[in-house]
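Dear colleague,

I am passing on the structure below, and would be glad if you could read it alongside the notes that follow.

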Amino acid sequence: YMKKPLFLFQFDREDFYSRHYSKSYFDHSRDGFGEVIFDSNVLVEKCIKIMNDGFEMPKEYKNRVDNFFLLNDKFNCDRVYQAIVKKFIEKKKHKASEFNIKLCVAADDYGRNFESSEGIRRAFNEGFIDKTSIIMNKDERKCLDIESIKNKNVSLHVNLTEGYSSYFEDDKMTYCVDDKESIAAKEINTRCSYFKLSKEAAKVIETEVRAQCELFKNSGLKCISFDSHGHIHNKMPIAKIIVPILKEYGFSEARIPSNVFSRHLLFDFFYKKRVIRFYRKNFKTCDYFCNVDDFIHIKNYKKYEKKTIEVMVHPFIEDNKLVNRNDIYFTHIFE
């Protein structure tokens, strides 16, 4: 397989096949990857010759290798791994269907960069995902190609932790990176934002969300569903700012914080329940939301019977392959 020269030293061939083993479909003289030798003196001569030739496998045997092995690369372990994962996922999906659980596969991060956008387009075209969310405040506008997803189920991915703060100037949208944006992002990423935000950060968030809603609406996309980037929708002070704005723009559906197979502290568990109640009071939501890692750990399917589970994935193009990045147990779920 590595195309290193070899000899098959069958000094006891007749005895071996007559008393120990029957001949199979594989004939060493016809199919083997090296010359069959029966005499030790000939073997020594052949070894000396191959050393003098620089340990090069003869062309005849190279051709046999190429014809015998379908693939010759560094991904055999990966292919075995992915085959096991695929079987595992199929088993999980079958189990979900037994309990009449409806699965919605949602892709995140359209518009974040070329690799994500192209991965999502390909995943849509190949029928792997049901919906996607789109980031509107990144500078790589060329990645969006909104026309290619206009007829798909597309939600606004409210992004407050990266990108550009936005403001209006002469009725046109302008982007700028300034201290206010970094102040808001820094505050959002702290623990205290679970309970309060400064007035300055709240103002930046309000301005940014309005700007993203305008961009979304002006792109010709339907203002129906939204979720958020960086899990900012897990925090009540932020939810109380963005919810009235999104309702004003006509959004009627929302993504809830993850509520499947929670491995968080008790505080996070009860805090999330409060946030989920707030969203459900204002928007239509799915019953459960989780990532792939949470989904594959479900054991009690009865709990989710006749419910809808939205499973988040991150389609991504890597080495021209469609992969699902950022999931703990596997990457390639689309092959």
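**Notes on the model**

Lys3 is found in the segment before β1 (7-9), where strands are DSSP runs of E with at least two residues and helices are runs of H or I with at least four, both numbered from the N terminus. This is a predicted model, in which local features need pLDDT of at least 70 and side-chain atom pairs count only at pLDDT 80 or more, while totals for chains, interfaces and linings use all residues. Residues are numbered from 1 along each chain as its sequence is written, and side-chain values use heavy atoms, with hydrogens and water left out.

Although Lys3 is not a glycine, its phi is positive, at about 60°. Lys3 counts as partly exposed because its relative accessibility is 29% (buried means under 20% relative accessible area, exposed over 50%, and partly exposed in between, with a 1.4 Å probe and protein chains only).

Asn100, in the loop between α5 (76-98) and β3 (102-110), is likewise a residue other than glycine with a positive phi, here near 55°. With a relative accessible area of 52%, Asn100 is exposed.

As for helix packing, the axes of α9 (residues 236-248) and α10 (residues 266-282) come within 11 Å and cross at roughly 10°; axes are lines fitted to C-alpha atoms, for helices over the stretch in contact, with angles running from 0 to 180 degrees between N-to-C directions. That makes α9 roughly parallel to α10, a term for angles under 35 degrees. The contact (heavy atoms within 4.5 Å) includes Ile242 and Val243 of α9 and Val275 and Phe278 of α10.

Best regards

Note on methods
Parallel < 35°, antiparallel > 145°, perpendicular 65-115°, else oblique.
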